[in-house]
2 protein chains.
Amino acid sequence: MIADMRLEQLPASSGVVARAFSVDGVPGVLWGPEVPLGPTPLVLMGHPGGLHKTSPGLVARAERFARVYGFHAAAIDAPGHGERERSAEDAGWVDRMMAARGSGEALGPIVADFNASIAERAVPEWRCVIDELCRLPGIDADRTIGYTGMTLATEIGLRLADADPRIGPLVVGGAFASPQLTAVARRLRHPVRVLLPWDDPELPREDGLALFDAIGSDEKTLHAFPGPHQRVPATESDDGAWFIARHLLAPRT
Amino acid sequence: MIADMRLEQLPASSGVVARAFSVDGVPGVLWGPEVPLGPTPLVLMGHPGGLHKTSPGLVARAERFARVYGFHAAAIDAPGHGERERSAEDAGWVDRMMAARGSGEALGPIVADFNASIAERAVPEWRCVIDELCRLPGIDADRTIGYTGMTLATEIGLRLADADPRIGPLVVGGAFASPQLTAVARRLRHPVRVLLPWDDPELPREDGLALFDAIGSDEKTLHAFPGPHQRVPATESDDGAWFIARHLLAPRT
């Protein structure tokens, strides 16, 4: 409900306005151009597992959407992340993940289950947040909405796209190709860019390839780069933003 | 030798000048801006097997380098292609290739050997052409040279980059990952973009992945897209040109 939404200005870089909000107890941030030229497209910014809505990389990409393209960009904390308390059950998952990391056990199955559980909770939250944001006069609710995010944010984003017809182009990557997520990917018809960290010590290359292969869209591209998922080259990150932007700026059909 | 080089104007799109040339019997075309702002970077345009230096896709990309970036772009016919006569040995290879295609036999080993043989002949030809082009006042011989091309042109381009220190960024794709070409790829330290047609009926996906994996460069990206190698999406093609351009326009070190 719009009544639950508070907008409070945060520090941001020149030309950009950032506002804190909360929808039904889910805290978020909305970035937008200081001088909008009218209602703008909206891009949702997912954060990786363990990070939050104002992690520096996410903020830089969100501000860039506002500054370069004149869009609004929004982030929320996923369940148990950022300002939100972690449940006992989620804490158990984190412990199992840390133990596996310590013992060299495969992380995939644990992370995939943990992320799937978070995503099941995060998707309805995002849908309520979209409802509220689309009521703001600064946002063009008639346009398709972009989504971008890696690892946990990919698990959430693909499921959100599958559940909510308002989602358009997605830039994702670094998820485990569980049978559940693969089935979701097969149903998608959205323009999708998959980023594949070629040498990530914890994310198997094969999972990225399998997920890309599964995506049902005609317009899909896979962009692989050396190194781990934390080091997306700036050229890929900027080009991913342009991929989102050209879809959101396309004439309405 | 510059004495062997003739320059003769060909029809081209607005703002672009195209000139036919020949170096030691190898016919080529040089595209450039109608009004150059000074000596410009050079991009070499390789053509796929079975095509030639003025195939429409190649011409469009070459003219774009001249029009959008103000560069010169050059193409030559590979041995046995375009204006050049096919030797009896090459004709035998083509027959074996066609027979394999007809019978459903794997094309890889035949094409890889054929392309390797053509590339062995094409590399010294390209090097002579580069010598000549770099003597032209319109070309900035102090800058690194870009290279772009798919299938046969990848076999040639990777070997040319390995052999000639003047080659810089490369956009390639669609080659078979023979042990020979994989060994060449391992030695490269150039910025490389590999285009991977995800569903090509004749180019195994695994070969593209293996070749990308082998490339020794720190700066390498793999861009995969649905469909066969003849259908590179315009966004990938244009972004590949920008990848070349930003390297050629970088300040000299």
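Two strands pair if DSSP finds at least two bridges between them. Helices (H or I, at least four residues) and strands (E, at least two) are DSSP runs, numbered from the N terminus. The model is predicted, so local features need pLDDT of at least 70 and side-chain atom pairs count only at pLDDT 80 or more, while totals for chains, interfaces and linings use all residues. Residues are numbered from 1 along each chain as its sequence is written, and side-chain values use heavy atoms, with hydrogens and water left out.

**View 1. Strand β9(A) beside strand β9(B).** The two strands run antiparallel and are joined by 3 bridges. His223(A) stands opposite His223(B).

**View 2. The interface of chain A and chain B.** Contact (heavy atoms within 4.5 Å) takes 18 residues from each of chain A and chain B. About 1,500 Å² is buried between the chains, 59% of it from carbon and sulfur atoms; buried area is the accessible area (1.4 Å probe) that two parts lose on being put together, summed over both.

**View 3. A salt bridge between the chains.** Asp213(A) forms a salt bridge with Arg205(B), their closest N and O atoms being 3.2 Å apart. The term means a side-chain nitrogen of Lys or Arg within 4 Å of a carboxyl oxygen of Asp or Glu. Between chain B and chain A the count is 2 salt bridges.

**View 4. Helix α6 (residues 205–214) of chain A.** Its buried residues (under 20% relative accessible area, 1.4 Å probe, protein chains only) are Asp207(A), Gly208(A), Leu209(A), Leu211(A), Phe212(A) and Ala214(A). What covers these residues includes α4 (152–163) of chain A and α6 (205–214) of chain B.

Conventions: Chains lettered and ligands numbered in written order. Buried < 20%, exposed > 50% of the residue type's maximum accessible area, 1.4 Å probe, protein only.
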